[in-house]
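I opened this entry to keep track of what I looked up, one topic at a time. The structure comes first, then my notes.

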Amino acid sequence: MRGSIVLFGPPGAGKGTQAEIIVEMTGKPQISTGDMLRSAVSQGSELGLEAKGYMESGLLVPDQVIIGLIEDRLRESDASNGVLFDGFPRTIPQAEALSGITEVSAVISIEVPDEDIVNRIVGRRMDPETGEIFHVSFKPPPPELENRLVQRKDDNEETVRMRLSAYHDQTKPLGDWYSNMGILTKIDGTGSIQEVSQSVAKAVRSL
Ligand code: ADP
């Protein structure tokens with residue numbers, strides 16, 4: 001498949017975790033706007049300074065900032081056969097801008113109810129050395145890694161509720177938009193990581 005794939009779903013649905021199997025199966029590079037923004041914040045770049053406040057409050061970073069970031073990233077040579085978007089687009093204007101730059105062939109929506117999201121996000125931890133994501137109950141880290149793991153600043157209950165509300169207001173309508181285009185596949189994201197991976201793999205095989 002030549003075009004790009006979009007991984008869609010609420011915060012904490014497991015997009016980053018499930019991206020791995022799609023990258024393996026398709027060879028398309030993963031583009032995570034969340035990771036790109038976090039790296040800009042930690043470098044203290046102009047973009048990072050602009051994005052930081054929005055991210056820490058659980059709000060979306062303005063569309064123009066995100067669209068500029070994606071335009072630059074898609075100019076790199078590894079993006080020429082389509083990519084896997086993770087966390088982008090998140091608004092209809094972002095999706096409209098994207099459709100002018102590259103073809104989106106498929107959207108995989110990982111569906112998880114709000115009540116599960118909060119538990120997932122407040123228990124999420126990351127290994128800063130490898131980027132691997134763990135969860136204190138659902139994917140416990142090996143004991144030797146435990147004390148180097150970090151928690152994202154926006155992974156607390158109050159900010160999660162803001163992120164969920166941004167998702168419902170600004171992002172969810174985009175799912176209907178892609179569904180009307182006939183390119184959305186829904187996956188039940190409530191099972192174990194392995195179960196969800198199997199559904200994702202099945203969806204990718206049928207593309
Ligand atoms: P999650 O999906 O768990 O909320 P991400 O890592 O994808 O986490 O995003 C973290 C934060 O980065 C978001 O809450 C938002 O502030 C910002 N962000 C990431 N992608 C976008 C985007 N496409 N548009 C606007 N803001 C974004």
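For sorting residues by kind, I count Ala, Val, Leu, Ile, Met, Phe, Trp, Tyr, Cys and Pro as nonpolar, Asp, Glu, Lys and Arg as charged, and the others, Gly among them, as polar. The model is predicted, so I note that local features need pLDDT of at least 70 and side-chain atom pairs count only at pLDDT 80 or more, while totals for chains, interfaces and linings use all residues. Residues are numbered from 1 along each chain as its sequence is written, and side-chain values use heavy atoms, with hydrogens and water left out.

**Entry 1: the ligand**

What kinds of residues make up the shell? I found eight nonpolar, five polar and seven charged residues. The shell has 20 residues, and Thr33, Arg38, Leu59, Gln94 and Arg163 come nearest to the ligand.

For the element names, helices (H or I, at least four residues) and strands (E, at least two) are DSSP runs, numbered from the N terminus.

I then looked up polar contacts, meaning pairs of N or O atoms within 3.5 Å; within protein, one must be able to donate a hydrogen and the other to accept it, and residues adjacent in sequence count only if both atoms are side-chain atoms. The side chain of Thr33 has an N or O atom 2.8 Å from a nitrogen atom of the ligand. For Gln94, a polar side-chain atom lies 2.9 Å from a ligand nitrogen atom. The side chain of Arg124 has an N or O atom 3.2 Å from an oxygen atom of the ligand. Taken alone, the ligand exposes 550 Å², and the protein buries 97% of that. I note that accessible areas come from the Shrake-Rupley method with a 1.4 Å probe, and that for residues only the protein chains shown count as cover.

**Entry 2: aromatic rings**

I moved on to the rings. A pair of aromatic rings is described by the distance of the centres and the angle of the planes. Rings of Phe, Tyr and Trp (its six-membered ring) pair if their centres lie within 6.5 Å; planes under 30 degrees apart count as stacked, over 60 as edge-to-face and the rest as tilted. How many aromatic pairs does the structure hold? It holds three.

One of them is Phe8 with Tyr167: the ring centres are 6.4 Å apart and the planes are at 50°, so I list the pair as tilted. This pair links distant parts of the chain, with Phe8 in strand β1 (residues 4–8) and Tyr167 in helix α7, 159 residues apart. I checked whether these residues are covered, taking buried as under 20% relative accessible area, exposed as over 50% and partly exposed as in between (1.4 Å probe, protein chains only). Phe8 is buried at 4%, and Tyr167 is buried at 8%.

Trp177 and Tyr178 have ring centres 5.3 Å apart and planes at 80°, so this pair is edge-to-face. Trp177 is partly exposed, at 26%, whereas Tyr178 is buried, at 2%.

I also looked for a charge over a ring (NZ of Lys or CZ of Arg within 6 Å of the ring centre and within 35 degrees of the ring normal). The charged end of Lys139 sits over the ring of Phe134, 5.4 Å from the ring centre.

**Entry 3: a peptide bond**

Most residues other than glycine have a negative phi, and most peptide bonds are trans. I noted a cis peptide bond between Phe88 and Pro89, with omega about -10°. Pro89 is in the loop between β3 (84–86) and α5 (92–99).

**Entry 4: single residues**

Is Asp169 buried or exposed? Asp169 is exposed, because its relative accessibility is 59%. The residue lies in helix α7 (residues 157–180).

Thr159 is also in helix α7. Thr159 is buried at 7%, and its side chain makes a polar contact with the side chain of Asn156 (2.9 Å).

Met126 is in strand β5 (residues 124–126) and is partly exposed, at 28%. Its C-alpha atom is 6.3 Å from that of Gln151, 25 residues apart along the chain.

Key:
A residue is near a molecule or strand if one of its heavy atoms lies within 4 Å of it.
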